[in-house]
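Please keep the sequence and the 3D view open while reading.

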Amino acid sequence: MNFRNLSFSGAPLIKTVPPGPKSKEYLDYQFAHEGSAVSYPRGMPMAISQAKGATVKDVDGNIYIDFFGGAGVMNVGHSNPEVIEAASRQLGELTHSLDIPNPARKVMVDTLLSLLPGALNKIFFGGPTGSDAVEAAVKLAKYNKGRYPMIAFEGSYHGMSAGALSLSSGLSFKEDFLPLIPEVHFVPYAYCYRCAFGRKPETCDLDCAQYLDHILEDPHSGVGKPAAVIIEAIQGEGGSIVPPDPFVSRIKEICNRYDILMIVDEIQAGFCRTGKMFAFEHFGVIPDIITLSKALGGAGFPISCIAYRDNLDTWPEGKHIGTFRGNVLAYAAGRVALNFMIKNNLAEHTLTLGNLMLSWLKEIERDSNIVGEARGKGLMLGIELVRDKVSKEPAPELARKVRTFCHRHGLLIEIGGHYSNVARFLPPLVLTEELAKKGTEIFADAVKNVEKSL
Ligand SMILES: Cc1ncc(COP(=O)(O)O)c(C=O)c1O
């Protein structure tokens with residue numbers, strides 16, 4: 001399929017440097033009447049009115065190339081016509097069902113099961129957000145193992161509800177709310193650019209994975225035997241970190257050895273984002289439980305679920321409930337979105353375009369002293385901004401400047417990373433090569449401009 005027709009033509013188009021006058025009115029209203037924790041409009045000040053494919057329009061008529069994708073939700077593109085048609089049809093029929101079966105729900109379960117490895121043959125819908133799926137996964141693990149310690153990774157992000165926040169490593173999110181759930185322990189991820197053990201990938205034997213083995217083996221590690229390890233096979237908010245190949249399988253091997261469940265959080269990396277339907281497929285492992293959300297709802301309709309091995313399906317009726325257990329509109333839209341991914345071989349498109357973009361970003365890395373590393377897989381890309389390449393001192397203020405330049409020139413990007421110094425690209429996967437090229441050129445200009453101003 002030619003994805004070009006899915007997006008607005010003529011992007012990027014900046015008629016008025018954002019925020020334009022109409023956007024300003026909306027922003028003023030928002031800051032006056034909504035809570036001060038509102039965040040995205042501070043980094044990308046604008047009000048938006050329409051979005052198509054990999055492009056977004058603001059109320060002042062500016063059109064942006066979208067490398068943000070609603071934080072990795074809009075995999076099949078904004079306003080995907082096939083998805084919108086399915087959702088519209090469903091809207092007039094049935095929209096709420098708790099967990100009472102209905103045709104849309106059955107087709108969604110069938111579709112998910114056809115995409116998952118055979119071992120992951122149970123689906124469970126809890127609340128609508130990714131955080132809800134994480135809560136459900138942790139409860140299922142604890143219920144099965146009868147233990148409550150958990151292991152999570154440095155650089156992890158699993159959500160904002162108390163349990164999910166406990167498993168997320170970013171202190172700025174949680175330090176004002178401690179204590180959260182007890183007995184969560186963090187171990188280093190394979191973040192080779194800033195290796196916790198000071199090793200180089202060429203010469204290391206995955207010391208980070210060995211460290212996990214060590215704390216599980218040593219009775220004086222202070223870490224009680226966990227119910228589960230939760231991991232992002234490719235880290236998202238932590239800074240688009242792709243671990244070396246054997247890392248994820250080594251973690252699974254360790255989990256098996258100590259009778260610990262492995263939960264893989266696919267909320268951001270799933271649904272073709274990294275060039276496979278699910279990110280764990282890059283690493284030859286089958287997790288015990290996975291969490292899914294974000295792109296699952298097709299058009300941004302909130303929905304989440306977990307998938308797991310049926311020997312874990314021990315919890316009794318009503319053990320995990322909620323008013324919004326699934327979302328009929330999201331089943332209808334999401335199922336069509338999943339078909340769209342398969343029919344259009346979106347995973348392959350993502351991998352090919354992602355590799356191409358990474359090669360352009362590597363050129364920027366070579367030419368710039370403030371780009372420490374460009375990395376990623378598929379269309380989950382990250383560019384780590386530093387004061388200089390030798391000290392690698394994180395430069396969050398430069399990342400913010402780059403984002404502002406990009407926004408003013410018609411490109412939307414996200415910032416993440418341990419030190420909020422990683423420019424992150426999570427575009428709709430229907431991005432065309434032409435938009436990818438234009439967007440990357442804006443990003444390259446942004447880096448040059450910011451570097452020149454130092
Ligand atoms: C890997 C991962 N897990 C969980 C979540 C939480 O999802 P939600 O924001 O829908 O609660 C996110 C959100 O960005 C995520 O990236």
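Predicted model: local features only at pLDDT ≥ 70, side-chain atom pairs only at ≥ 80, totals over all residues.

## Domains

The centres of domain 1 and domain 2, taken over C-alpha atoms, are 27 Å apart. Domain 1 covers 82-343, and domain 2 is made of 345-421 + 436-454; these bounds come from an automatic or database domain assignment.

Residues are numbered from 1 along each chain as its sequence is written.

## Overall form

The C-alpha trace of the chain spans about 60 × 60 × 45 Å along its principal axes. A compact globule with 454 residues would have a radius of gyration near 22 Å, and the chain, at 22 Å, agrees with that. The radius of gyration is taken over C-alpha atoms, and the globule rule is 2.2 Å times the number of residues to the power 0.38.

There are 14 helices and 15 strands in the chain; helices (H or I, at least four residues) and strands (E, at least two) are DSSP runs, numbered from the N terminus. Of the 454 residues, 51% are buried. A residue is buried if 20 or more other C-beta atoms lie within 10 Å of its own, exposed if 12 or fewer, and partly exposed in between, with C-beta atoms placed from the backbone. Among contacts with a separation of 6 or more, 74% are between residues 24 or more positions apart.

## Ligand shell

The shell around the ligand has 16 residues, and Thr129, Gly130, Ser131, Gly159 and Gln268 come nearest. A residue is near a molecule if its C-beta atom, placed from the backbone, lies within 6 Å of it. Helix α6 (residues 130-145) supplies the largest share of the shell, three residues. By class, the shell has five nonpolar, eight polar and three charged residues.

Strand β4 (residues 122-125) pairs with β10 in the antiparallel sense over four bridges; two strands pair if DSSP finds at least two bridges between them. Cys305 in β10 has Phe125 opposite. Strand β9 (residues 289-292) also pairs with β10, antiparallel and over four bridges, and Ile290 has Ala307 in β10 as its bridge partner.

In strand β12 (residues 380-385), six of six residues are buried. Met380, Gly382 and Glu384 lie on one side, and Leu381, Ile383 and Leu385 on the other. Strand β11 (residues 371-377) pairs with β12 in the antiparallel sense over six bridges, with Val371 opposite Leu385. The hairpin of β11 and β12 has two residues between the strands, and Gly378 there takes a positive phi near 60°. β12 pairs with strand β15 (residues 422-425) as well, antiparallel over four bridges, and Leu381 has Phe425 in β15 as its bridge partner.

## Gly72 and backbone exceptions

Gly72 is in helix α3 (residues 69-72) and counts as buried because 27 other C-beta atoms lie within 10 Å. Not counting residues up to four places away in sequence, Gly72 touches Gly236, Gln268, Arg273, Lys294 and Leu426. The C-alpha atoms of Gly72 and Phe271 are 9.9 Å apart, although 199 residues separate them along the chain.

Most residues other than glycine have a negative phi, and most peptide bonds are trans. Phe271, in the loop between β8 (261-265) and β9, has a positive phi of about 60°. Phe271 is buried, with 31 other C-beta atoms within 10 Å. Ser79 has a positive phi of about 50° and is partly exposed, with 17 other C-beta atoms within 10 Å. Two peptide bonds to note are the cis bond from Pro18 to Pro19, with omega near 0°, and the cis bond joining Leu178 and Pro179, with omega about 0°. Pro179 is in the loop between α8 (171-174) and β6 (184-187).

Technical notes:
Nonpolar A, V, L, I, M, F, W, Y, C, P; charged D, E, K, R; others polar. Contact = placed C-beta atoms within 7 Å.
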